[in-house]
Amino acid sequence: DCEALESITLAETLTAIHRGTFWGCRSIKSIEIPEAVVRIGRYAFGKCTALEEIKLPDGVTYLGTGAFSECRKLKEFHIPSGVRFLADYLFSCCEELETVEIGNAVTYIGIDAFCSCKKLGAINLPHALSRISSSAFLGCSALTEITVPEGVKEIGKRAFAFCTSLKEISLLADIPAIEEESFLCCLSLEH
């Protein structure tokens, strides 16, 4: 039980933070990950509801399913340049998340990756991106515009549904597969 844990000092030689390591540590506010870490496992920081800041080293190449889900106080996040896949539920229910910098190597955004990130106002999708999965941005009600890069081949079901402030979508190329309800209830959509 780590509910009262407020601070953590991690060994500089640590190379991975495994599945559920800090799951539910509701009092942690910030953490700096050592430079040697290359892997953050599934739900490693899930439900760290007080977590406001986390800094990842550039060497991180893997972020597991739900690694930061329900980190309700997290406001910004920088995804290291070596990460290629944004896993399912990665930031789901991070209600205070306003900005995310996505590295240029990302090719895939998973199911519910940013679902219910209600304050996410803008996001730049990388040119390498080829798939935006189902419900990836569902309920991102502050999102006002999105540019879908040329390489995207698929936009999943309800990918941008309930993005009620979304006014503009720019599709830079023909997309072979835009699944049903991808833009459901985008009530402010103009273009």
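Let's start at one strand pair: β12 (residues 154-155) and β14 run parallel and are joined by two bridges. Within that pair, Ile155 has Ile178 of β14 as its bridge partner. Please keep in mind that this is a predicted model. From here, the tour widens to the sheet, then moves on to the salt bridges and a charged patch.

**The sheet around β12 and β14**

- The sheet is open and consists of five strands with parallel pairing, in the order β7-β9-β10-β12-β14.
- Its edges are β7 (85-86) and β14 (177-178); each of these has a single partner strand, so one side of each has no neighbour in the sheet.

- Searching the whole structure turns up seven salt bridges, and a few of them are described here.
- Glu154 pairs with Arg131, with 3.6 Å between the closest N and O atoms.
- On the accessibility side, Glu154 counts as buried at 19% relative accessibility, since buried means under 20%.
- Lys157 forms a salt bridge with Glu180, and here the closest N and O atoms are 3.6 Å apart. This pair links distant parts of the chain, 23 residues apart: Lys157 sits in the loop between β12 and β13 (168-171), while Glu180 is in the segment after β14.
- Lys157 counts as partly exposed at 34% relative accessibility, whereas Glu180 counts as exposed at 53%.

**A salt-bridge network**

- Glu70 and Arg72 form a salt bridge whose closest N and O atoms are 3.1 Å apart.
- Arg72 is partly exposed, at 27% relative accessibility.
- Glu95 joins the picture too: Glu70, Arg72 and Glu95 are linked in a network of salt bridges.

- Four residues, Glu12, Glu32, Glu35 and Asp58, form a negative surface patch.
- One of them, Glu35, is found in the loop between β2 (30-32) and β3 (39-40).
- With a relative accessible area of 59%, Glu35 is exposed, because the cut-off for that class is over 50%.

Notes:
Residues are numbered from 1 along each chain as its sequence is written. This is a predicted model: local features need pLDDT of at least 70, side-chain atom pairs count only at pLDDT 80 or more; totals for chains, interfaces and linings use all residues. Side-chain values use heavy atoms; hydrogens and water are left out. Patches are made of residues with over 30% relative accessible area and no salt bridge: like charges are joined within 9 Å, nonpolar side chains (Val, Leu, Ile, Met, Phe, Trp, Tyr) within 5 Å. Accessible areas come from the Shrake-Rupley method with a 1.4 Å probe; for residues, only the protein chains shown count as cover. A salt bridge is a side-chain nitrogen of Lys or Arg within 4 Å of a carboxyl oxygen of Asp or Glu. Lys and Arg count as positive and Asp and Glu as negative; His and the chain ends are not counted. The place of a charge is taken as NZ of Lys, CZ of Arg, CG of Asp or CD of Glu. Helices (H or I, at least four residues) and strands (E, at least two) are DSSP runs, numbered from the N terminus. Buried means under 20% relative accessible area, exposed over 50%, partly exposed in between (1.4 Å probe, protein chains only). Two strands pair if DSSP finds at least two bridges between them.
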